[in-house]
Amino acid sequence: MVVKRLALLFCLLIPFAAQAVTTKTVYVKSDAANNGDGTTHNDAASPGAAGAYNSLANAFSGEATNLVTADRLLVVKCLGASADSSTPTWTGFTTDATRRIQIKCDDTSAGACHSGVWSTSKYRKATSGHATFDFTAIANVDVIGIQAENTGAAGDSRRVFDITSTAGSYEISGNLIRYSGAGSADPDSNCIHARGSATQTITVYNNIISGCFSQGIKYFPQGTSQVGIFYNNTIVNAGGDGFNADGDGTTDSLYQKNNLVYGSTGSDYSFGAGFSTTVQTTNASEDATSPNVGLRSRTFTFVSGSDFHLGSSDTGAKDQGTDLSADAQKAFSTDIDGQTRTGTWDVGADELVSTGGVLNQNNVTGGMSKISGGSQ
């Protein structure tokens, strides 16, 4: 009788046993002639055949499902030499903190990922409209190692990333983010616009952000218990403030470490009301606005006017940062190129290396080759 009862109990518990989240990987190839089924990164021989989707919009249309019920992490790997100007919608998706969406460069295809310098031969997500990545109706999304740009003229609320009202978490890492259209600063045309009215955690690190019409990063939480984590970003030539943060003074948090801001038409850093928690460590500015006095009025050296890796002679950012490999909010140990940060960390997205062999480009944040003689 005891054995029978134990067997019955075992059978009853089986449906409730914890199961690991499964990963489904699909591919987008922006220059594919046919829209495939997403199963490989090759061109599909005909519409719907085995091969890559030819846009993010088609990928999300084809993969829309309740990821929580499916117990699934959806990974969308992108490649292709054409700009992907499609407008994804998020109809049909349900996500949570672990059953989420990751959009990243196709690190399984040699040469597909950016090398830390903008390239028209690599995958790039572009729009001339409101937002390149519009997350107003979706949460729990990561964008990793992508080139993302807004090509439109200045206009109200013209952004690259728009993170506003949906509760959940977001991670933006290893990306090249820029404006490339003509125009002048508009108050709400920010490269990263994080102004949510719901509980959110927004993690932004190892990005190079350039040429924004207004703010490079605008963090202006409107909800409760919002957390903003901004680490090792390089923000250059913003038409307004480089990094603008304005809290509600009661329930929201700002973690700001190792950021490099340069060439802002406004202030490199600008702060409004306070946050319930504010941690600001080793942030550097060209002007006198860094929250960290010792890293104000710095001179930075870049490889060129379009390559914002640190130049070999740089002294403004090299060895000025804080080791975040065990950070309580976001621990990581690489730079935008997948290069391991060693010794005293550099400020900004790039870790300057003076020697070393070629890196494998297939890394979590996009990848590139580092060669002897400094950053490339």
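1. Helices (H or I, at least four residues) and strands (E, at least two) are DSSP runs, numbered from the N terminus. This is a predicted model, in which local features need pLDDT of at least 70 and side-chain atom pairs count only at pLDDT 80 or more, while totals for chains, interfaces and linings use all residues. Residues are numbered from 1 along each chain as its sequence is written, and side-chain values use heavy atoms, with hydrogens and water left out.

2. Asp-337 belongs to the segment that follows strand S23 (284–285). Its relative accessibility is 0%, so Asp-337 counts as buried; here buried means under 20% relative accessible area, exposed means over 50%, and partly exposed lies in between (1.4 Å probe, protein chains only). The side chain of Asp-337 makes a polar contact of 2.9 Å with that of His-309. A polar contact is a pair of N or O atoms within 3.5 Å; within protein, one must be able to donate a hydrogen and the other to accept it, and residues adjacent in sequence count only if both atoms are side-chain atoms.

3. An open sheet of nine strands, with parallel pairing, has the order S1-S2-S4-S7-S10-S13-S16-S19-S22. Its edges are strand S1 (22–29) and strand S22 (277–281), each of which pairs on one side only. From one strand to the next, the twist averages 10°. Two strands pair if DSSP finds at least two bridges between them. Axes are lines fitted to C-alpha atoms, for helices over the stretch in contact, and angles run from 0 to 180 degrees between N-to-C directions.

4. Within this sheet, strand S7 (residues 141–144) and strand S10 (residues 168–173) run parallel and are joined by four bridges. Ile-144 has Ser-173 in S10 as its bridge partner. Helix H2 (residues 56–63) lies across S1, strand S2 (72–79) and strand S4 (101–105), and runs at about 155° to S2.

5. How many disulfides does the structure hold? There are two disulfides, a disulfide being a pair of cysteine sulfur atoms within 2.5 Å. One is formed by Cys-105 and Cys-113, whose sulfur atoms are 2.0 Å apart. The torsion about the S-S bond of Cys-105 and Cys-113 is about 75°, so this disulfide is right-handed. Cys-105 counts as buried at 5% relative accessibility, and Cys-113 is buried with a relative accessible area of 3%.

6. Another disulfide joins Cys-191 to Cys-212, with an S to S distance of 2.1 Å. The link of Cys-191 and Cys-212 is left-handed, with -105° about the S-S bond. This pair connects distant parts of the chain, 21 residues apart: Cys-191 is in the loop between strand S11 (176–179) and strand S12 (192–194), and Cys-212 is in the loop between strand S14 (208–210) and strand S15 (217–219). Cys-191 counts as buried at 0% relative accessibility, as does Cys-212 at 2%.

7. With the bonded cysteines of the protein chain numbered in sequence order, the pairing is 1-2, 3-4. Cys-78 is in no disulfide, and the nearest cysteine sulfur, that of Cys-105, is 8.5 Å away. At 0% relative accessibility, Cys-78 also counts as buried.

8. A search of the whole structure finds 20 aromatic pairs. Among them, Phe-135 and Tyr-170 are stacked, at 5.7 Å centre to centre with 20° between the planes. Phe-135 lies in the loop between strand S6 (131–134) and S7, and Tyr-170 in strand S10, so the pair ties together parts that are 35 residues apart in sequence. Both residues, Phe-135 and Tyr-170, are buried. Rings of Phe, Tyr and Trp (its six-membered ring) pair if their centres lie within 6.5 Å; planes under 30 degrees apart count as stacked, over 60 as edge-to-face and the rest as tilted. Phe-135 and Tyr-170 form one aromatic cluster together with Phe-60, Trp-90, Phe-93, Phe-133 and Phe-161.

9. Gly-240 is placed in the loop between strand S17 (234–236) and strand S18 (243–245). With a relative accessible area of 11%, Gly-240 is buried. Gly-240 and Gly-266 are 26 residues apart in sequence and 4.5 Å apart in space, C-alpha to C-alpha. Which residues are in contact with Gly-240, leaving aside its neighbours within four places in sequence? They are Phe-213, Ser-214, Ser-264, Thr-265, Gly-266 and Ser-267, where contact means heavy atoms within 4.5 Å.
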